[in-house]
Amino acid sequence: MKEYSYLIVIIVAIFSITLAGAYFSPTFEEEKSFMELFFLLGSLLFIFSALVIFATIGFGSFAIYAAIFLAAVMGMYGVEGATLVTGVTYVTWGSIFAMQVLLFYHHLRSATDWFKKRYTFKAFKKEYIAFYPMLWIAYFFLEFIPSIVYREDFLKFIPSKAFEDMKEVLDR
């Protein structure tokens, strides 16, 4: 709980300093720049808090909220903003999903439980197809590069084997 209080203090400090900069600016242009920064930071905080909710609750059960959220972002920031939010959401949730698949592939019980709680095999298959590129990216950064740096052997990753194993686990 202490980490959250530090996070809240940091966020309040950032917004306070930005508002103080706007208040004490000698010219209108500087004040305008600080206010634009204030609103940009508020928008980013809102977007990333929504991404935390995506990651916590899960993608499948959150589809209606995602549609409403994207419509609101599109209304405020246009197509570019909605594209950015969609891309960041894909990378964030795809990274979480890919890391859990890698942990499952290494036979960690917590990853197996995570999938059992959140997925049916049909839902897993959809996300497996959607996040297939993220599986390889996660493998590259979490397995391949560290094995080269530390000169250790690494387990070869075969996504189809993880898929077949998951079919056995989720069909039970």
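Modeller: Start at His107, which is exposed, with a relative accessible area of 64%. Exposed means over 50% relative accessible area, buried means under 20%, and partly exposed is in between, with a 1.4 Å probe and protein chains only. Before going on, note that this is a predicted model, where local features need pLDDT of at least 70, side-chain atom pairs count only at pLDDT 80 or more, and totals for chains, interfaces and linings use all residues. Residues are numbered from 1 along each chain as its sequence is written, and side-chain values use heavy atoms, with hydrogens and water left out.

His107 sits in the loop between H3 and helix H4 (109-118). Helices are DSSP runs of H or I with at least four residues, strands are runs of E with at least two, and both are numbered from the N terminus. The backbone of His107 deserves a look too. Its phi is near 65°, a positive value in a residue other than glycine. Most residues other than glycine have a negative phi.

Now step to the helices on either side of this loop. Gln100 belongs to helix H3. Trp114 belongs to helix H4. In sequence they are 14 residues apart, and their C-alpha atoms are 8.0 Å apart in space. Both are covered: Gln100 is buried at 17% relative accessibility, and Trp114 is buried at 12%.

What does Gln100 touch, beyond residues up to four places away in sequence? Its partners are Ala111, Trp114 and Phe115. A contact here means heavy atoms within 4.5 Å. Turn to Trp114, again leaving aside neighbours within four places. Trp114 is in contact with Trp93, Ile96, Gln100 and Tyr119.

Go back along H3, which spans residues 63-105. Thr89 lies in this helix. Thr89 is buried, at 6% relative accessibility. A polar atom of its side chain lies 2.7 Å from the backbone oxygen of Val85.

Is Leu84 buried or exposed? Leu84 counts as exposed, at 55% relative accessibility.

Now the whole. The protein has seven helices and zero strands. Along the sequence the pattern is α-α-α-α-α-α-α. The radius of gyration is 21 Å, well over the 16 Å that the globule rule gives for 172 residues, so the protein is more spread out than a compact globule. This radius is taken over C-alpha atoms, and the rule is 2.2 Å times the number of residues to the power 0.38. Along the principal axes, the C-alpha atoms fill a box of roughly 65 × 40 × 30 Å.

Of the 172 residues, 31% count as buried. Gln100, Trp114 and Thr89 are among the buried ones. Finally, consider contacts between residues at least 6 apart in sequence: 58% of them join residues at least 24 apart.

Conventions. Polar contact = N/O pair within 3.5 Å; in protein donor to acceptor, adjacent residues only side chain to side chain.
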